Each structure stands twice: as C-alpha cells, then as structure tokens.
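Try each one yourself before reading the solution.

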Amino acid sequence: MAELPTEGETKSYSRTFTNEDVAQFADLSGDRGSHHEEGDNPMVHGLLTATLPTKIGGDMDYIARSMSFEFHRPVYVGEEITCESTAESFESRENRHEMVASFVCRNEDGEVVLDGKTEGVIFR
C-alpha cells in the first residue's frame, strides 16, 4: 500500500515532454491539431500536461471523484514542468480516506501553466 499523505503535505513531480510523448498522446486521444504536430517545437496537449497531478495521485492509489483544471499558458516539447500537489484536507473513514488536493504546475521559468483541484478517496 502507498504511503498516505498528511493534511498540508506537498508532493512534487517533474517531467519534460518529448515529441514522442506528444505523438503517442495524439494517437491515443485522436487530437491531431496542427499545433501539436507541426513545427520544430510542438505544443504539448493540455490533458497530457494534466497527467502530472494524476501521476502524483496514482502514487498514493488515489481515486479521483472530480478534477478541475485551469490552463494558464501553453507547454512546449522540451520544457521541464514541475507539478506540486498539496493535500488540503484529509479525513479517515471506516473503509476509506477522503482527500481534497490542490495542484499547480510550473514551467522552468516558474510561470504557472496549469492549476486546479481534485476530490477523491484512497480505499483502505
């Protein structure tokens, strides 16, 4: 079982998306907008960027009930993006732990590219 977070705890994960990542996501999603496939520096799909907070949740066996995203600026292939997720509330129940978390993803310049909130559970 994954280590449970504590209220107020922040976890982070960084990743640099590649051309191959964008091409595979285009194949999976069917989103073949020219801004994702053309030029020397393609734009990373917003929902591919949104896999950063879901990776952090997956490490905790967290199951999201809801997620909200606000995309502030584009992400391009080759940029390192760091996501920080904070457990805003954490409450243990008989058969599950309920958690609300916020997250913010920043590029190498510290600019916010994505932020949001999620609510869900970790089953015991």
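The exercises below each come with a worked solution. This is a predicted model, where local features need pLDDT of at least 70, side-chain atom pairs count only at pLDDT 80 or more, and totals for chains, interfaces and linings use all residues. Residues are numbered from 1 along each chain as its sequence is written, and side-chain values use heavy atoms, with hydrogens and water left out.

**Exercise 1.** Classify the ring pair of F69 and F103.

*Solution.* Start with the search of the whole structure, which turns up two aromatic pairs (ring centres of Phe, Tyr or Trp, its six-membered ring, within 6.5 Å). For F69 and F103, the centres sit 5.7 Å apart and the planes meet at 55°. Planes under 30 degrees apart count as stacked, over 60 as edge-to-face and the rest as tilted, so this pair is tilted.

**Exercise 2.** Are F69 and F103 buried or partly exposed?

*Solution.* Buried means under 20% relative accessible area, exposed over 50%, partly exposed in between (1.4 Å probe, protein chains only). F103 has 4%, so F103 is buried. F69 has 31%, so F69 is partly exposed.

**Exercise 3.** Find the residues outside its sequence neighbourhood that T86 touches.

*Solution.* First locate T86 in strand β3 (residues 80–92). Then skip neighbours within four places in sequence: the contacts (heavy atoms within 4.5 Å) are G8, E9, T10, V100, A101 and S102.

Methods: Helices (H or I, at least four residues) and strands (E, at least two) are DSSP runs, numbered from the N terminus.
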